Every structure is written in structure tokens, then in C-alpha cells.
Amino acid sequence: MAQPGILDNPAQYLMGVGPKRAQLLARLGLETVGDLVHHLPRAWEDRSPTPPGRGVPPDAPLVLRGRVVDSFTRRAGPHLMLLVARMLVPEHGEVEAVWFKRPSRRYDVFQGLTKDLARGTDLWLVGRGEAGLLKVRRIDVDEHYRVDDPRSAWHVGGLVPRYPTTEGLPERWLRETIGRALEEAAGSIAEVLPPELLERRELLARPQALKAVHRPRSAGELEEGRRRLAYDEFLLLGLAWALKHKQLRQVDKGYGYEVKRSLLTPFKATLGFELTRAQKRVINEIFEDMRRPHPMTRLLQGDVGSGKTVVALASLLLAVENGRQGALMAPTEILADQHLWTVRQFLGDLPVRVELLTSSVSKARRARVLERVADGSVDIVIGTHALLEGAVRFKRLALAVIDEQHRFGVRQRTTLRQKGPAMDLLLMTATPIPRTLALALYGDLDASTLDEMPPGRVPIVTEHAPEERALEAVRREVARGRQAYVVYPIIEESARLDLKAATAEFERLRAGPFAGLRTALVHGRLPGPKKVAAMEEFAAGTWDVLVATQVIEVGVDVPNATVMVVQNADRFGLASLHQLRGRIGRGHDAGRCFLVCDPKSEAARRRVQVLCETTDGFRIGEEDLKIRGPGEALGTAQHGELGLEAADLSRDSDLLGSAREDAEGLLSADPDLLEARHAGLRARLVGRYQKLWQSIDLA
Ligand code: ADP
Ligand code: MG
């Protein structure tokens, strides 16, 4: 029987964990025995013996169990030593097993290994071999285990967990250490769910579930264990959201809103267009919400080009009309600057003081803006992440709008919210997500949808075309006085090379196909002011063609631009392409988008095809979820912050639904989870979310 409290023991308590390894474990956030028990596998590998005749699937290892006949070493060059064992493997016959090592004069590199290779020893081998052969003839060994070692079953023979690890911590060691932690602590892992829930949802008990994921005996058992842990994650998330929303509902703003129309009416008059019916409806929904006594958290969904900015501005003006401040946060400098420009245009001569706060605003100016934000003499601040900094303090912030909110994480939303404890929050996105996922991401949040485009839009025509044809279209449109974008992808993994390539391409286009056109280049590495200047010049018509990277992906609004050429379009994700394409077709002229690429994978071909078929953001969002799965599609930042490890949003939406129902049930019986029988659940909730969502007050 393990003693209680063992889960809190430091990892060093376990056999085989010395101070050095303990330090490395800490780097993974694993400090206690309990942390190890809860360090879930990232994947499971099928390591049952490879049968003859099937060949090895490309992403699976070759696994053999055999008996050593004899072994010898062989030098295979100045930097390589081989150790070769002839093995007898049932069903395969004689197999040559090969270990590779760098030779060393100082010690026997195969020390330890040779003693495992005594004639007659039974071994498990995990490695790589030639795929497709009827019988395995040779295996390059990555790992081997003695069959007479009882722990070999942790590493080979069936489904084996793969753990995220760090340099200096061999996965094999980690697997064994987690195995030990699990054995030692088995009796101390507490159940946190009430028994009636376990029964109703037919869930495995917690200790068993942990055992099933760390040491699955079958695929069925593994799935049962994983689902139990996924359910826990969803339940905790559901409870956390519910408590947070409840807390917000208890906050009283302490002021009321009146629709005074002193700004709103003249604003509508200077717009130069009628609001769409959808915009009017959504603005009403938001106003109603803002006039309630407790803070608003509302999601505004509307496809690219549906006119979200005007809605945001109307909402900000309601706050300003009532003597309060507003903030508008965007994910990129270019977009923030664009918003500033648009807002100033829409506001005309109205007495509204608007300022910009991004990292490229000069120090002196920033200091002045900060001061004026703090003393209340700025009405609306537009900015980037720079708004989240501690130095940004508002006198009476009442509404924050987050544009392209899927680019931000929960943590950032929370930080912004803390700048005005009772303020309203409007989250805008063009990437629609299914209701279940929205629940996971925001809890039960109110949503408004712009389901109508401003009138007169001509749908963009998209084609997968050869470059020459695309560049020809650019020249033709420019000859008609129109403007064009040529976009090159820059992906993080190869950012430097990509940027170099884009710059070279810019030179090539300017010298050749676009000779005589006024062509400019803008990319993310340009200093902020230069970037912004290039965009402003493009908007003002100084340039015919803008060669750009994805910095223009969101928000940029230049109605005179009618053509877009996306180079290497197969390297962009579907959502990115849809956003990019939304930069054109913003006026009354038909926009044309050319995808120039030679897609290599099936997924890339599918993306290109979807883009050519539809401009409907909702359909594209759905396809994106299908192709990439929700974890990816929603952005890993959000996924990680939500604490979803065992849960898989694409497979477990049924669980998400039941967990949410159960969270509500629990809270209606015990609104603050204060009852003794919920103590375990509450402790886990605090442990998981308190730090992340500072504003959930569970203490
Ligand atoms: P998004 O929803 O993608 O943020 P924007 O707010 O940038 O869209 O609006 C796209 C374009 O449509 C802008 O040029 C904007 O001025 C224009 N627009 C917005 N609402 C209307 C409307 N009711 N009638 C005509 N044009 C509009
Ligand atoms: Mg926008």
C-alpha cells in the first residue's frame, strides 16, 4: 500500500531519478511523482511483432523478437563501428541485427551491449528495416530489450506510449520512470468525479484510466482511458468557463449607457453608405448587451469583407458618447494602422480623439499617448499587442474590441480585460467555428453574425493558373488604373530563406514582367514605420503593384486593388488563403485571384480546389477543420492554453457536450463547488486554470 501524499513527493523520490535528471524533468514541468503520473503520452506506437509478408508501414518501426546465434563487430569506416548479431526470429528465419556506433579509442563503445548478445539470449528489437520484403533479412536497431527483463513489456510487445521529452532525457528512461511513478502511486490517485457521474457516463475510474493510457493492454482499453481523461478536461473547462461567466454576471458596471446619437448619428451620415440590414441588427444586439448592468462578452462573426469594422466603430462610439474610453486591438501593425486610417476617415470632423499604440510608435510619442490614455483625454486607442503592456493604463476603459481574435490566446484576452474590470468585450472573427468548438474556446458566449455582404459586391473569381497568365492579368488591370498584390508565403521554419526568395522575386518581377510598373515590396521584417508607409502609399495609389508576404493577410482594405497573385499558394493554409483573397473584390469591380503553384500533396490539392470552388467563409472554415483538424485549425496556442491534452476536439465533441451538461448540473447543485465531496474537483480546477485565467476567482 502506498502512503497517501506520495503524489506530492518530489520526483527524486523515485528509484533512478538523481539530481541531474530531476532538473531535466523540471524543465518539462515535472517536479513531483504526481506530475509524472499526469504527463500524458503524445501518441502511442504499435510495437507488436511485425509479421512476415506484410512489410513495414512507412511510419511504424520494425519490431522483432528473436534469439542470438552469434555476434561480431565490424569497422565500417573511420567514423563508424558496427555490431552485428545473427538472430533467429520465428516466422522470419535468420535476421542480421545491426547497431551503429562512433568508434572511440578510450572505451569499448559496445560495452554493455555485448553482454546482451551472448549466444542464446532472447531479445526484443525495435528499429528500421527494408519495407515490403516478405521476410525481414536485416534490422537497423534503435532500441533493444532483454525478454527476461520484466520491464521490457513497458517498451515493446504491444501499444507503447510516446512521451514528449527534452534533450538529455531519453524517452526510454522517461517511460520507465513514469511507469515506476504509476506503480508507486497507484493507490494514491484519487477519484475526483462523483460516483453517479462515472456510472451515468460509463467512465473508467481515474486510476485505471491513467494506467490505461500509460500502459495500454489493448487499443480498446487505451481509448476508454483516453476518453475518461478527455472528459475530465472538458468538465474542468466547462466548470471554469461557467464560474468565470457567473462571476462576470455578478459584476455591476456601475454606470449606464444612453444612446445619445450625438456621435452615432453624424457618424452614420459621414459613412457614405447605408448600413446593411445585418449590420443594423448586430449593432442593436451589441448596444442592448452593452446597456445591461454586467459586462458583455460577445463574439461577432462575419465573413471577410462583411463590414465588421463599422460595427466595431459604432460600438466604440456608444462608449465614447457616454464619456468612456474604447480600445481596438488588432494582430498586426499594418492592420492597426489601417484601422486608424479608416476610423479617422469615418469620423471626419467629429470630436473623437483617436490614437495609435504599436511597437513602432516612437518612444516620445508613446509616452505622450500613454499619459493621455491614463488621464482620459484619448477616447479610442487603436493598437496591437502593445496595448497589453502593463504601462498602458486607462482612465475609464469601457469597451475593448479584439479584431481577428483567433490570432490571440485566452491569456491575452484576459490581460486586456483586466485593464477595465467591468468593461465590455467584443471579439471579432472571420473564421467561423462550429458551436461545440466555440463552447470549448469561450464557454457559453453570446454571438452575433453578419450574414450579409454589403451590396454591389461581385464575387471574386479564383483560378489555379500558370504564372505567366497571372502576371498578364496584373499588367492588364494596372493598364486600366487598377492595383494588384503579388503574395509570397513565409513560413516560420524557413523564414530567412523564404524572405530572401521573396526579395529576389521582387527584383525579378520589377526588372522583367513588371518593367514600367510602379512596384513596391512589403514584408514583416521591414521596420514598422517603413511597413506602414509602404501600405499607406499603396492605398494612396503611389504603387501599382505590391509584392508582399502574409503581413497583408488580414484587414488591409484598398478597394482599388482588383487582382491578387498568390505564389506557391500550396504552402498557405486554407484560412490564410481565404483571408488573403479577401483583400481584393472590396469595391464594385470583380476581383480575380490567381493561385500559382504545383501542389504536391493531396491536402494541398484539396485546398486549392476548395478555394477555386467557393468564396463562402463558412464552407471554407468547415473544410479547414476537416483537412487540418480543430487543434491545428484553431491555432495551437489556444488549444494548449485550454489544457486539452487527452481530449481531441475533432473526435470528442460528444464528450464535450455531455461534460458541459454535467458541469452545469454540478454547479446548479453546488454553485461554488464548496461541498466536501467536490473538494478534489475544485483542487484540480484551481491547479489547472487559476494561474492562466487570473480573473477566475476560485480562492
Ligand atoms: P471585414 O468584415 O472583413 O473586417 P471591413 O469592415 O473591412 O470588412 O469592410 C469591408 C469593406 O466594405 C470596407 O471597405 C468597408 O468600408 C465596406 N463596407 C462596410 N459596410 C458597408 C456597407 N454597409 N455598404 C457598403 N460598403 C460597406
Ligand atoms: Mg476586418
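A: Happy to. In this predicted model, α25 gives the largest share of the lining of the second largest pocket, seven residues. Helices here are DSSP runs of H or I with at least four residues, strands are runs of E with at least two, and both are numbered from the N terminus. Along with α25 (679-689), the elements that each supply at least two lining residues are α2 (33-37), α7 (206-214), α8 (219-250) and α23 (636-641). The pocket is lined by 41 residues, and Asp35, His38, Glu645, Arg684 and Arg688 are those nearest its centre. By class, 18 of the lining residues are nonpolar, ten polar and 13 charged. Nonpolar covers Ala, Val, Leu, Ile, Met, Phe, Trp, Tyr, Cys and Pro; charged covers Asp, Glu, Lys and Arg; the others, Gly among them, count as polar.

The pocket's volume is about 1300 Å³. A volume is the space filled by probe spheres set on grid points, which are joined across faces, edges and corners. On a 1 Å grid over the protein atoms alone, a pocket is an open set of points with protein on both sides within 12 Å along at least five of seven lines, a cavity is a set where a 1.4 Å probe fits but cannot get out, and lining residues have an atom within 4 Å of a point.

Now to the cavities: there are five of 30 Å³ or more. The largest cavity has a volume of about 130 Å³. Of its 13 lining residues, Trp241, Lys244, Thr297, Arg413 and Arg417 lie nearest the centre. Two or more residues each come from α8, α14 (410-417) and β13 (424-429). The lining of this largest cavity has seven nonpolar, three polar and three charged residues.

The second largest cavity, at about 90 Å³, is lined by Ile334, Asp337, Gln338, Trp341, Met535, Glu536, Ala539, Val556 and Val558. Both α12 (333-347) and α18 (528-540) give two or more residues to this lining, and α12 has the largest share with four. Six of the lining residues are nonpolar, one is polar and two are charged. This cavity lies between domain 2 (264-292 + 307-429) and domain 3 (461-614), because both give residues to its lining; the domain bounds come from an automatic or database domain assignment.

Residues are numbered from 1 along each chain as its sequence is written, and chains are lettered from A and ligands numbered from 1 in the order in which they are written. As the model is predicted, local features need pLDDT of at least 70 and side-chain atom pairs count only at pLDDT 80 or more, while totals for chains, interfaces and linings use all residues; side-chain values use heavy atoms, with hydrogens and water left out.
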